[in-house]
Amino acid sequence: MSDTQVSALDHTVQLTNVWLKSLAEDCQLGDRPHAYSALRAVLHALRDRLTPEQAMHLGAQLPMLVRGLYFEGYRLADKPDVQRRIEQFEERIAIELPPGFPVDVATAARAVFELLWRELDFNETAKVVSDLPMPLRELWPEEAQKQAKARSEE
């Protein structure tokens, strides 16, 4: 537990630890350092696949500490990355994962997307998922895929 004596900072540290614990234990990504690596790598790959406007909307929903991680190294040039194939997206994630990562890249991506689907605003997240190419939607939870499909049919 952090005790910065600044409630907003203490809250974001606490919430980030809850997210990391969930990824490490519930999603079986190993320990918290592995959960952190997965969260960072998947968020960066997703962020770079979104338009700048979409990236900003998604980032605004994240806890303050995670938002800093999300925007770390972000550059607007060449955004969005137009990769459409799941293999390309997974390669992008794999670049940022440490050697010997305990689970495969698809499992890490699915775990992070499940967490985002559970923790963030439903409508905003459904919009992000619906704007992704169909192959990339397959990494999101089934409910997110259904909502994305419904949004695209509207």
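Relative accessible area, calculated with a 1.4 Å probe on protein chains only, is divided here into buried (under 20%), exposed (over 50%) and partly exposed (in between). The structure is a predicted model, in which local features need pLDDT of at least 70 and side-chain atom pairs count only at pLDDT 80 or more, whereas totals for chains, interfaces and linings use all residues. Residues are numbered from 1 along each chain as its sequence is written, and side-chain values use heavy atoms, with hydrogens and water left out.

Side chains of opposite charge can pair when their charged atoms come close. With a salt bridge taken as a side-chain nitrogen of Lys or Arg within 4 Å of a carboxyl oxygen of Asp or Glu, the count comes to nine. One of these joins arginine 40 to glutamate 72, with an N to O distance of 2.9 Å. The two residues lie 32 residues apart and link distant parts of the chain, arginine 40 belonging to helix α2 (residues 32–49) and glutamate 72 to the loop between α4 (64–71) and α5 (86–96); helices are DSSP runs (H or I, at least four residues) numbered from the N terminus. Both partners are partly exposed, arginine 40 with a relative accessible area of 22% and glutamate 72 with one of 35%.

Aspartate 48 takes part in a salt bridge with arginine 47, at 2.9 Å from N to O, and in another with arginine 92, at 2.6 Å from N to O. The pair of aspartate 48 and arginine 92 again links distant parts of the chain, since the former lies in helix α2 and the latter in helix α5, 44 residues apart. Aspartate 48 counts as buried because its relative accessibility is 8%, and arginine 47, with a relative accessible area of 3%, is likewise buried; arginine 92 is buried as well. Through salt bridges that share partners, Arg40, Arg47, Asp48, Glu72, Arg92 and Glu96 are joined into one network.

Helix packing was examined for α1 (residues 7–26) and α4, whose axes are 7 Å apart and meet at an angle of about 70°; axes are lines fitted to C-alpha atoms, for helices over the stretch in contact, and angles run from 0 to 180 degrees between N-to-C directions. The two helices are therefore roughly perpendicular, a class that spans 65 to 115 degrees. Contact (heavy atoms within 4.5 Å) is made by Ala8, Leu9, Thr12, Val13, Thr16 and Trp19 of α1 and by Met64, Leu65 and Val66 of α4.

A search of the whole structure for aromatic pairs finds five, where rings of Phe, Tyr and Trp (its six-membered ring) pair if their centres lie within 6.5 Å, and planes under 30 degrees apart count as stacked, over 60 as edge-to-face and the rest as tilted. Phenylalanine 113 and tryptophan 140 are stacked, at 4.2 Å centre to centre with 5° between the planes. This pair links helix α6 (residues 105–119), which holds phenylalanine 113, to the loop between α8 (134–137) and α9 (142–153), which holds tryptophan 140, across 27 residues, and both residues are buried. Tryptophan 117 and phenylalanine 122, by contrast, form an edge-to-face pair because their planes stand at 65°, with ring centres 5.4 Å apart. Tryptophan 117 is buried at a relative accessible area of 14%, whereas phenylalanine 122 is partly exposed at 37%.

Key: Parallel < 35°, antiparallel > 145°, perpendicular 65-115°, else oblique.
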